[in-house]
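Hi,

Here is the structure I promised to pass on. My notes on its charged residues follow below.

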Amino acid sequence: MIYIVATHEAHPDCIDELRDALRDLVAPSRAETGCVRYDLHENAKQPGHFVFYEIWADMAAFKAHGETEHLQAFKAHQAELSRAADVIQLDLLD
């Protein structure tokens with residue numbers, strides 16, 4: 001399994017637009033082969049700070065996600081909406 005945390009911080013005047021754009025990624029991403037979990041969260045104390053928690057079956061599924069039409073379309077406008085973004089791969093420790 002591949003565990004991912006992806007964060008986005010909206011430009012102050014683009015919070016609603018970024019929220020809508022990120023929400024639009026959820027359904028098609030969840031429908032992708034190898035998607036185990038794809039959840040979008042917003043910081044309750046800092047509106048405009050968003051976090052995706054993702055689990056992918058394997059690295060191939062995660063890489064394929066990065067090449068999807070819906071994610072590429074988002075990336076084309078990401079800089080207009082988000083002033084900071086980060087993707088972190090996690091190791092599960094049990």
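Arginine 30 comes out as partly exposed, at 45% relative accessibility (buried is under 20% relative accessible area, exposed over 50%, partly exposed in between, with a 1.4 Å probe and protein chains only). Before I go on: this is a predicted model, where local features need pLDDT of at least 70, side-chain atom pairs count only at pLDDT 80 or more, and totals for chains, interfaces and linings use all residues. Residues are numbered from 1 along each chain as its sequence is written, and side-chain values use heavy atoms, leaving out hydrogens and water.

Arginine 30 has a salt bridge to aspartate 39, with the closest N and O atoms 3.1 Å apart (the rule is a side-chain nitrogen of Lys or Arg within 4 Å of a carboxyl oxygen of Asp or Glu). Aspartate 39 sits in strand 2, residues 35–42 (strands are DSSP runs of E, at least two residues, and helices H or I, at least four, numbered from the N terminus). Aspartate 39 is buried, at 14% relative accessibility. Its side chain also forms a salt bridge with that of arginine 37, at 2.4 Å, N to O. Arginine 37 is partly exposed, with a relative accessible area of 41%.

The salt bridge count comes to five. One of them pairs the side chains of arginine 83 and glutamate 9 at 2.6 Å, N to O. That pair links distant parts of the chain, with arginine 83 in strand 4 (residues 82–90) and glutamate 9 in strand 1 (residues 2–10), 74 residues apart.

Cheers
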